[in-house]
Amino acid sequence: MPPCLRFFHFLLPLAVFLVLCLKRTALAGDPYVFFDWTVSYISASPLGVKQKVIGINGQFPGPVLNVTTNWNVVVNVKNDLDEPLLLTWNGIQHRKNSWQDGVAGTNCPIPAGWNWTYQFQVKDQIGSFFYFPSLNFQRASGGYGGITINNRDVIPLPFPVPDGDITIFISDWYTKSHKELRKNVENGIPLGVPDGILINGEGPFRFDNALVSDGIPFHTINVEPGKTYRLRVHNIGISTSLNFRIQNHNLLLVETEGSYTVQQAYANMDIHVGQSYSFLVTMDQNASSDYYIVASSRFLNSSSLAGINGVAILHYSNSQGPASGPLPDPPNELDTFFSMNQARSIRWNVSAGAARPNPQGSFKYGQITVTDVYVILNRPAELINGKWRRTLNGLSYFAPSTPLKLAQQFRIPGVYKLDFPTRMMDRPPKLDTSLINGTFKGFMEIIFQNNDKFVQTYHLDGYAFFVVGMDFGVWTENSRGTYNKWDGVARCTTQVFPGAWTAVLVSLDNAGIWNLRSENLDSWYLGQELYVSVLNPEVDQSEIAMPDNTIYCGLLSSLQKDQSERFKFSGVASSADPFHSILALLFMTFIATFVRFLERRYYPFRIDLQFYLFFSIALSISSHLLVPLFLLPFAAEL
């Protein structure tokens, strides 16, 4: 064998080894998952009345995003509705990337007929969340689905691995369209008692012939006796607190909105609008019949309560008959004291690891000095400039035509002000675009004071806050003496009972502009929201740059490119960063081409070439890439 060929005979295994190292590095990166979604109207009859609902890829509810900590999620959304659309990812923190938050203050809407691609990382998060459309009251017609973020393999669950994982959506439901409900709210007409309660988009099982009409589709969950299942339960409704329970089964609470909790058994759980919980439920009954799964209304202040129950069926594989008899008893309908005490009982599991291996309790929030305090008071709907509005500290949020994040990026003056009041001001209510000027890496205390007649829930995008206290009456400085400064649960949505207050603490370590809102859709739509600006005073190279596919509107409409230049992705299998795979394959192709040249002249090298080709094909397949076409003639010669 000539010396030059002996050299390449040595070089080939080395080259393959280097490619393997490169590929290993690529696979070690955080994976990407891709989804193509079409959001459109579909026909459904959840309460026996045919109506248009918002579906995703023809599904109602929409698909569950099932991912793992630190994965990168790419969702291409096609808007087939007849009005603008944004999807928001309730509870996903979008670390330093509020561009993907999907609310009016961060994104221009996706026009009807357009598509837009969200790309975000579920950085340092685990738990149970959901997504929904954030504009124009659309959530009242559907468009929602679940988000499950699993632990990485290196971090064990703080409980035995369940035998199954089941997502459950409970919600109030109206047979009027979201457009009709929106118009009513604008005109000062209350939402009123819902027409029914859905479980996973379906109406109640006919548990009582006098209360439930025949022909209504209901949901069935099939289980195996002796198995333990993790139920992820989301109240995705628009205004009604719901009590969740399963006949003859205990609910072992293990997680809420990304935090593992102290494991406690409950007979039932009040789940308020926008909240999510995980329960372990063991199928330990004798299966003499099926069992009721119930979600019933709470605090409606109405005598028209008959039939306001969502009922699904828990079906054991060895069940001996259908469910029968009365529904399991709920708490007293108007007993807010019971509900508050239950909420206070939920504690953070300080010894469990979650997204990271260190215990959750290693972040000792009770020892951090508070830098900013906001007492935020809400009030019932009132007329401002002749229109019905709702306020926080006397201000009803006015959404400018240019999203706040874009105005900040392009330094456009006059779009917003950083002067949201720390307390209720002695002045008439007004419309305003006033933001909280958060201190980067500061520690903020927020007290929500509910002066309305109904339970309100408040949600903060971009963060999890620590729920440290709640009580009836008016919050005062002395109320801090009741705070839980050790194991108050960290979550993103908290309830505030009427005539009561709830206090939360939040570490402002996530740069961006973040939405703080009422999750009660009527309150949110009428202006009960604001934004928190958290700006790093230094140049923050780690904050995600404005995406190339940004949609422009308002004062920046002239920058908008044609829709044909939008990014479009196809749904493909999950893979690591494709750039490294392509680079590895190109490197191997170069080696193959050069070796082929030598092989034409030195036949004895052919056997090593066969080994190389086999190896390159195997490696290409493992990277989900096809072998380049120009390698095929090369293979044919072998």
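## Overall composition

The protein chain contains 8 helices and 33 strands, where helices (H or I, at least four residues) and strands (E, at least two) are DSSP runs numbered from the N terminus. The model is predicted, so local features need pLDDT of at least 70 and side-chain atom pairs count only at pLDDT 80 or more, while totals for chains, interfaces and linings use all residues. Residues are numbered from 1 along each chain as its sequence is written, and side-chain values use heavy atoms, with hydrogens and water left out.

Of the 638 residues in the protein chain, 57% are buried; buried means under 20% relative accessible area, exposed over 50%, and partly exposed in between (1.4 Å probe, protein chains only). Among contacts (heavy atoms within 4.5 Å) with a separation of 6 or more, 78% join residues 24 or more positions apart.

## Nonpolar cores

A nonpolar core is a set of buried Ala, Val, Leu, Ile, Met, Phe, Trp, Tyr and Cys residues joined through side-chain atoms within 4.5 Å. The largest one has 47 residues, and Ile168, Ile170, Phe244, Phe279 and Leu314 touch the most other members. Apart from it lies another core of 43 residues, including Val75, Leu85, Cys108 and Tyr397.

Beyond its neighbours within four places in sequence, Phe279 is in contact with several residues, among them Tyr229, Leu231, Phe244, Leu252 and Ile271.

## Strand 17 and its partners

Two strands pair if DSSP finds at least two bridges between them. Strand 12 (residues 228-235) pairs with strand 17 in the antiparallel sense over 7 bridges, with Thr228 opposite Thr282.

Strand 14 (residues 251-256) is also antiparallel to strand 17, over 3 bridges. Here Leu252 stands opposite Leu280. In a regular strand the side chains alternate between the two faces of the sheet.

On a 1 Å grid over the protein atoms alone, a cavity is a set of points where a 1.4 Å probe fits but cannot get out; lining residues have an atom within 4 Å of a point. Grid points are joined across faces, edges and corners, and a volume is the space filled by probe spheres set on the points. There are 5 cavities of 30 Å³ or more.

The largest cavity has a volume of about 80 Å³. Its lining includes Trp99, Cys108, Trp116, Leu406 and Pro547. Cys108 is also one of the residues in the core of 43 residues.

Terms used. On a 1 Å grid over the protein atoms alone, a cavity is a set of points where a 1.4 Å probe fits but cannot get out, and a pocket is an open set with protein on both sides within 12 Å along at least five of seven lines; lining residues have an atom within 4 Å of a point.
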